[in-house]
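Here is a short tour of a multi-chain model, written for someone who likes to check things in the viewer. Keep the structure open beside the text and click along.

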Amino acid sequence: MRTRAILGSILASASVLIIGYQAGVSVTTGDGTSLTLPVGSTTSESVGTTADSRAISGPTDGTYTGSSISTRFGNVQVAVTITSGSISEVTALQLTDADGRSVQISNRAAPILRSEVLASQSAQVSNVSGATYTTRAYLGSLQSALDQAGA
Amino acid sequence: MRHVAQTMGTVASIELPSEWASELNAVERIFREVERRFSLYLPGSELSMIADGRLSLSEASDSLLSSYSRALEWRTATGGNFSPHRPDGAIDLNGIVKAEAIEQAGAQLTAAGCPQWSINVGGDILVSPTSGATNVATSSSEPLRAGIADPHNPTALLCSLELRHPRRAIATSGSAQRGDHIWRGGSTEPAQFVQVSVVANDIVTADVLATAIVAGGQDALDGVSDRWDVDVITVDRLGALHATPGLQSSLVRAQIT
Amino acid sequence: MTTHTSTRRLTAQPLDVAAVADYRRTFARRARRSDLLVMALWASGAAAAALFLASGGASQFTSLTETITSIGIIAGLIGTDFILVMLVLAARIPLIDAAIGHDRAIAVHRSLGKPALYLLLGHGALLLVGYGMATGINPIAEIGPMLALPDMPLAFIGLGLLIAVVISSLVAVRRRFSYEGWHLIHLLSYVAVAFALPHQLSVGGVLSDGTAQRIYWIALYVIALGAIVTFRMIEPIVSSLRHGLRVSAVTAIAPGVTTIQFSGRALRQLGTSGGQFFIWRFWTGRTWWHSHPLSLSAMPTDRSARITVRALGEGSAQLGTLPVGTRVSIEGPYGLFSAAARTSPKLAIIAAGIGVTPVRALLEHASFAPGDATILLRASTPEETYHWDEIRAIAAAKGAACYEMIGHRPASTASWMSAADVDRGVTLATAFPDLADSDVFLCGPTPWLDLVEADVRTAGIRPHQIHSERFDW
């Protein structure tokens, strides 16, 4: 009886560990970060058209929201946009947290789309920040036009 | 009113109420002083004389030594991504003195009691502490809207954002417009970011960190956003954008205009 | 030694083959359940480690810092799993009680205490070192930033409470406390477990929002705490209210020994098997805070039950003066010292002193063919022969052999028998000719019982045939 319990325990534990390991490998990407992609269940944010039926293999186009991953520095959640079967955009949805340290770490720059800043391009501005222009380059710059208008 | 003047190899654009126009003399004096002392283009500047060996560092003025030591502190803090030395070893305080000049000019205006002002020197902008403040006593509490130039089209904006107290300063560095004006530790690789804008509470921090990120690439970007309370937006060589959450939230939204 | 039954055999009686097969099957089923529980225990520990691997943990061993941190996280997961398993074992779940018995469940519970604490201390220490290394500061200095994280102060308090609980349970320390004082400290483990949960869910990446790991982990907590609430709180209250037990008579039957009679409702539906115990609480101003694990000394009728108490501790001494009508609450029945543990049709029973109480109920309830049961009653003096008359009567009625052995143990040799019987050459084999094929039920004070058990083992009886109940308190 004892033998059976011991052997059974070893077998059960080993299989549980192997299952866990396998599950872990499938979500681990090259750089060690892990994403959970609920493949097949697109979220409400789905952008882009769904891939046509020929694309059987590979992920379906759309935007996938990853689960919120709690880290030592706060919660991190990303959305992945897949176009033509490959990742075209990774957007951070949740990077901040209440405690100071989390804010510091999750304050990291994340990719944003040009379309996200598009609206602000048309705003009325009085000053332009740009890489230092020489006196000569200034004449062709937007700042020079603004200065003339404001003078 | 707006006042435009050439200084430090670029153009300064100062905006302030007309009744404070008399203060412009003081501001220009500050700029001239900085240029006279630190320009490597003026053979007679104090810094040129040190570079030539005509003047020993031990004989240098207090203000030069103070700028130099501040720059050295920044070199340590940025892990060498910002450096007050040219590859040939000459001291080049260009990366910090312009921001220091803006800082001094701003302090001068605030000390004189000028309620609302902005100083833009070669694309590095500092606004008065009252910008965006909700103080009833000040006549205008509108935050200043600053545009960020599109590195691929100097006459167009990449985006625009609001500078409001305490985020009063924005500086942009690039690797395109004046060639590689930022030393990148002897690397011959093209810079990862063609343009980096940093929004910070003070203009020296903004300017130095923008320079450091252009020099250090992604690692410097992560390091800066981890360790400093700043907002950053970068444009890489392919034109893709990265921005910190804080910057995204200060973007001017369409409905506001 | 005197015998009170007419037959006195010296040769083994043939076994009833069909009955043997029956008991073998029952025992095999119980052994299977017991083995499954052992497997579940280890598998749950492995599952805790697997949670970490499943969230990509396998790749987090590339540097020393990462390895230390990863091992720290795994230690925390396994340690917490052990704590939850301990709660399950202490919850007196009927299924577990029937499979391995209350005593063994508590023994396993105890044996897990120190490993769990070491794992959790290791968890804290390794993470301080690992995180400290990652940020370039020493582990002590890392405590500051660690405490700044949400839910971490609670987790630190939880670990502190757990240390207190385990230390208070070390044998040497536990002796300094009354059972109630110790139990009060022990209850802090629930607080510790509750305090530890928030940081697992908020700070750890393994159990993050929306993952299967998080669901599994919360389910573990629900099962462990749910079992405690169900079987140690709700079930006893419901059972006590339903059966409405009250003290109906208190009778001194010997110096320091008292029988307490109870009246109640539908007591047969308690499902008591002879030999099992209940945890009793007597609701008087002096005694309500003291709980007593005591066996029934007779099978209950539908409206009455009885226990027999010997004043062993300060708490049980007060029971001799309980007023009639005192309300009584119960938890139980518990224990495998009953027919449920049997592996064979034959019975060999040895009981000493107040240890006759469960044996009296066991004998009354047990089914056996006439001649298949032998009982040996043991006392140092004739005054300690509690309920022997009753046992004699039951033995006679059911056809069991009943031996009585009165007298002090020999001073020179270690024997559980009386000096006179040792001198006469009485041995286990002469008293129990069918011993090899029997279930051996032993009940008595610990030092005496250890001697009997050693003797029984020497006679070649296998552990699963031996069923012991010891008095410690």
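What follows is a briefing on chains, sheets, cores and contacts. Please bear in mind that the model is predicted. Chain A has 151 residues, chain B has 257 and chain C has 473.

**Chain by chain**

- Chain A holds five helices and six strands, and from its N terminus these elements follow the order α-β-β-β-β-α-β-α-β-α-α.
- In chain A, 29% of the residues are buried; of its contacts between residues at least 6 apart in sequence, 23% link residues at least 24 apart.
- Chain B contains six helices and ten strands, and 51% of its residues are buried.
- For chain B, residues 24 or more positions apart supply 55% of the contacts with a separation of 6 or more.
- Chain C is built with 14 helices and twelve strands, and its buried share is 43%.
- In chain C, 74% of the contacts with a separation of 6 or more are between residues 24 or more positions apart.

- To find the pairing in the viewer, look for Val199(B), which stands opposite Asp231(B) in S9(B).

**Where chain A meets chain B**

- How many residues of chain B are in contact with chain A? The count is 58 residues of chain B, in contact with 38 residues of chain A.
- On the chain B side, strand S6 (residues 153-163) gives the largest share, with seven residues.
- Sorted by class, that side of chain B has 25 nonpolar, 24 polar and nine charged residues.
- The two chains also pair through strand S6 (residues 127-129) of chain A and strand S5 (residues 144-150) of chain B, which run parallel and share three bridges. Here Ser129(A) has Ile148(B) as its bridge partner in S5(B).

- In soluble globular proteins, nonpolar side chains tend to be buried together.
- The largest nonpolar core has 82 residues, and the members touching the most others are Val198(B), Ala206(B), Leu209(B), Ile213(B) and Val232(B). Helix H5 (residues 203-227) of chain B contributes the largest share of this core, 13 residues.
- Apart from that core lies another of 65 residues, including Trp42(C), Ile78(C), Ala99(C) and Trp217(C).
- Which residues are in contact with Ile213(B), once neighbours within four places in sequence are set aside? They are Phe193(B), Val196(B), Ala220(B), Leu221(B), Val224(B), Val232(B) and Thr234(B).

**Stops in chain C**

- Three strands form an open antiparallel sheet in the order S5-S4-S7. Strands S5 (291-295) and S7 (328-334) are at its edges with a single partner strand each, so one side of each has no neighbour in the sheet.
- Neighbouring strands of this sheet are turned by 25° against each other on average, direction ignored.
- Strand S4 (residues 277-282) pairs with S5(C) over five antiparallel bridges, and Phe278(C) stands opposite Leu294(C).
- Strand S9 (residues 373-379) and strand S10 (residues 401-406) pair in the parallel sense over six bridges, with Ala379(C) opposite Ile406(C). Between S9(C) and S10(C) the chain passes through helix H11 (residues 388-398), in a right-handed β-α-β crossover.
- Is Ile74(C) buried or exposed? Ile74(C) counts as buried because it has 22 C-beta neighbours inside 10 Å, where 20 or more are needed.
- Ile74(C) sits in helix H2 (residues 64-90), and beyond its neighbours within four places in sequence it is in contact with Ala49(C) and Phe52(C).

Notes
Residues numbered from 1 in each chain as written. Chains lettered and ligands numbered in written order. Predicted model: local features only at pLDDT ≥ 70, side-chain atom pairs only at ≥ 80, totals over all residues. Core = buried A, V, L, I, M, F, W, Y, C linked by C-beta atoms within 7 Å. Buried ≥ 20, exposed ≤ 12 C-beta atoms within 10 Å, placed from the backbone. Helix = DSSP H or I, 4+ residues; strand = E, 2+ residues; numbered from the N terminus. Contact = placed C-beta atoms within 7 Å. Pairing = 2+ DSSP bridges. Axes fitted to C-alpha atoms, helices over the stretch in contact; angles between N-to-C directions. Nonpolar A, V, L, I, M, F, W, Y, C, P; charged D, E, K, R; others polar. Right-handed = clockwise from strand over helix to strand, strands pointing away.
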